Amino acid sequence: MKLFKCHYCGQLLYFENTHCGKCGSSLGFSIESMDLLTLIPESGEVFKSTADRNHRFRYCANAYHGACNWLVHGEQQDNYCLACKLNHTIPNLNLPEHIVQWKKLEIAKHRLIYTLLKLKLPVVSKSDDPEGGLAFDFLAEEDSAKKVIMGHDCGLITININEADEANRISMQEKLNEPYRTLLGHFRHESGHYYWDKLFTNDPEKSQNFRAVFGDERADYSEALKIHYEHGAPPNWQESFVSAYATMHPWEDWAETWAHYLHIMDTLETAYTYGMGVRPVASSKTKLLSAEFQNDPFRIKDFQRLIDLWIPLTLAVNSLNRSMGQPDLYPFVIAPAVIGKLTFIHDLILNRGSIAKDSYPPLSIPTAV
């Protein structure tokens with residue numbers, strides 16, 4: 001995630017901030033500039049930006065609930081920002097606990113959309129493209145007989161709002177023996193299924209390339225699911241997969257690896273924008289675990305360069321967590337085969353000329369260094 005600052009007083013800011021803690025200025029995120037703008041009130045609900053006084057902005061309608069700080073253009077007819085236009089169903093806001101859960105979901109979803117936009121992937125709502133667009137259902141289990149199954153179906157992603165309750169999520173993490181389970185991870189995983197359809201459907205050449213790396217997705221999914229939950233992951237799965245769940249079916253391997261790729265890119269951008277460096281005293285002579293974050297990861301074409309930065313960073317943050325008596329922030333070991341899968345995704349995104357359907361605008365490819 002990019003590091004933001006107030007354009008009026010220079011105070012450092014978080015992505016979710018709505019007001020500067022130092023000068024009190026109103027803040028809003030613009031997808032055009034991919035920046036958190038410092039706002040100047042003009043009239044009513046209309047603002048100008050200190051950085052661009054030629055355009056007028058309004059807050060997304062979900063700002064009323066404290067669930068969004070993104071902006072829409074003042075003359076725009078839509079009341080919702082790009083991220084909130086993706087909502088198909090939100091929880092019943094008459095229940096206070098639902099409001100708290102929904103706000104957490106929106107934080108995770110907005111962070112997902114930020115990364116997708118940084119990767120210049122198409123983000124189109126089902127309201128604009130009913131067949132090929134993306135939408136979210138945030139559903140609650142109102143009684144024990146009504147279970148919410150999280151997943152993806154033809155562009156509609158369903159998230160159980162109970163996952164926004166930390167105690168519930170930790171309970172599920174322990175029950176399923178998952179070392180890592182987060183709201184943001186759910187969003188990134190399910191988005192992987194959506195973009196699999198965008199990348200590979202009706203493209204035989206890309207499908208063949210996918211099968212060479214991840215396996216044949218035409219294998220019966222229901223049978224694979226049954227086998228996985230009856231027998232678990234195969235022995236030595238860590239040698240080829242990023243998680244035990246990824247072993248179930250090539251689609252899940254893709255989605256788990258896709259989510260991991262987004263984890264890496266977003267975290268490396270954070271390290272880059274903070275000007276971080278890792279220089280362990282114990283290995284100062286070999287420099288094998290040293291890293292200097294001097295380039296925007298979204299502009300680095302060679303994925304091995306990103307892995308060379310990622311490994312020292314994760315070792316450092318895990319050590320920091322252990323110093324605070326916390327579990328490892330990054331409880332994974334990436335095998336060479338997994339690095340190959342991550343490289344496949346990285347190369348595919350940087351050279352994805354045919355990802356967009358005719359209904360989508362042409363995509364610009366990030367400049368590589």
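Predicted model: local features only at pLDDT ≥ 70, side-chain atom pairs only at ≥ 80, totals over all residues.

Biologist: Why is F4 called buried?

Modeller: The cut-off for buried is under 20% relative accessible area. F4 has 2%, so F4 is buried. F15 also has a relative accessible area of 2%, and therefore F15 is buried.

Biologist: How many aromatic pairs does a search of the whole structure find?

Modeller: The search finds 29 aromatic pairs.

Biologist: What makes the pair of F4 and F15 stacked?

Modeller: Planes under 30 degrees apart count as stacked. The ring planes of F4 and F15 are at 25 degrees, with the centres 5.9 Å apart, so this pair is stacked. F4 is in strand β1 and F15 in the loop between β2 and β3, 11 residues apart, and the pair links distant parts of the chain.

Biologist: Why is the pair of F47 and Y59 called edge-to-face?

Modeller: Edge-to-face needs planes over 60 degrees apart. For F47 and Y59 the angle is 75 degrees, at 5.5 Å centre to centre, and the pair is edge-to-face. F47 lies in strand β5 and Y59 in strand β6, so the pair ties together parts 12 residues apart in sequence.

Biologist: How do you know that F47 counts as buried?

Modeller: F47 has 11% relative accessibility, and the limit is under 20%. F47 therefore counts as buried.

Biologist: Which residues do ring pairs link into a cluster?

Modeller: Ring pairs link Y194, Y195, W196, F200, F210, F214, Y221, W251, W254, W258 and F344.

Methods. Residues numbered from 1 in each chain as written. Heavy atoms only, no water. Phe/Tyr/Trp six-rings, centres within 6.5 Å; stacked < 30°, edge-to-face > 60°. Helix = DSSP H or I, 4+ residues; strand = E, 2+ residues; numbered from the N terminus. Buried < 20%, exposed > 50% of the residue type's maximum accessible area, 1.4 Å probe, protein only.
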